[in-house]
Amino acid sequence: MDLTIYKKGFLYNNLDLVKYGADQIVKENVKYHDREVIKSILPKGKQQMENIALITATRVDNSIIEMKTYIELNDVRKAQDAFINIVKACTDCHNIIRGW
């Protein structure tokens, strides 16, 4: 998932760009709710970790909902915290899957 759009949106105070980035992440994240797709993406010997990807996908979904809610409430600071939680969810999964 490309989080560049989000970063630019927050850094340049462009909430429309943040919303667009959120929509793109939602579209991309859909595949991480399908066990077969996850297994096909995971490296050999790591397919048994599909539950981690499923849990991460749910964390990302929840954080996006939270972020959009805070944007609508014009609470950008809390929206940024939700964005950070998205990055953490992605990074946590990568760390576990890649053995970092």
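At 34% relative accessibility, Asp92 counts as partly exposed, and in this predicted model its side chain meets that of Arg59 in a salt bridge, with 3.0 Å from N to O. That pair links distant parts of the chain, since Arg59 belongs to helix α4 and Asp92 to helix α5 (residues 76-98), 33 residues apart.

**Packing of α4 against α5**

- The axes of α4 and α5 come within 8 Å and cross at roughly 170 degrees; because angles over 145 degrees count as roughly antiparallel, the two helices are described as roughly antiparallel to each other.
- On the α4 side the residues in contact include Ile52, Ala53, Thr56, Val60, Ile64, Met67 and Ile71, while those contributed by α5 include Lys78, Ala79, Phe83, Ala89, Cys90, Cys93 and Ile96.
- By class, the contact of α4 with α5 has 15 nonpolar, three polar and five charged residues.

**Salt bridges**

- Side chains of opposite charge can pair when their charged atoms come close.
- In the pair of Arg59 and Asp92, Arg59 counts as partly exposed at 32% relative accessibility, and Asp92 is likewise partly exposed, at 34%.
- Lys68 and Asp23 meet through their side chains in a salt bridge, with 2.9 Å from N to O, and this pair links distant parts of the chain, with Lys68 in helix α4 (residues 50-72) and Asp23 in helix α2 (residues 15-29), 45 residues apart.
- Lys68 is partly exposed, with a relative accessible area of 31%, and Asp23 is partly exposed as well, with a relative accessible area of 34%.
- The side chains of Lys39 and Glu50 meet in a salt bridge at 3.5 Å, N to O; Lys39 lies in helix α3 (residues 35-41) and Glu50 in helix α4, so the pair ties together parts that are 11 residues apart in sequence.
- Lys39 is partly exposed, with a relative accessible area of 31%, whereas Glu50, at 9% relative accessibility, counts as buried.
- Lys39 and Glu50 also belong, together with Arg35, to a network of linked salt bridges.

**The aromatic pair**

- The structure holds one aromatic pair, formed by Phe10 and Phe83, which is tilted, with 5.5 Å centre to centre and 50 degrees between the planes.
- This pair links distant parts of the chain, with Phe10 in helix α1 (residues 4-11) and Phe83 in helix α5, 73 residues apart.

Notes. Residues are numbered from 1 along each chain as its sequence is written. This is a predicted model: local features need pLDDT of at least 70, side-chain atom pairs count only at pLDDT 80 or more; totals for chains, interfaces and linings use all residues. Side-chain values use heavy atoms; hydrogens and water are left out. A salt bridge is a side-chain nitrogen of Lys or Arg within 4 Å of a carboxyl oxygen of Asp or Glu. Helices (H or I, at least four residues) and strands (E, at least two) are DSSP runs, numbered from the N terminus. Buried means under 20% relative accessible area, exposed over 50%, partly exposed in between (1.4 Å probe, protein chains only). Rings of Phe, Tyr and Trp (its six-membered ring) pair if their centres lie within 6.5 Å; planes under 30 degrees apart count as stacked, over 60 as edge-to-face and the rest as tilted. Axes are lines fitted to C-alpha atoms, for helices over the stretch in contact, and angles run from 0 to 180 degrees between N-to-C directions. Angles under 35 degrees count as roughly parallel, over 145 as roughly antiparallel, 65 to 115 as roughly perpendicular and the rest as oblique. Contact means heavy atoms within 4.5 Å. Ala, Val, Leu, Ile, Met, Phe, Trp, Tyr, Cys and Pro count as nonpolar, Asp, Glu, Lys and Arg as charged, and the others, Gly among them, as polar.
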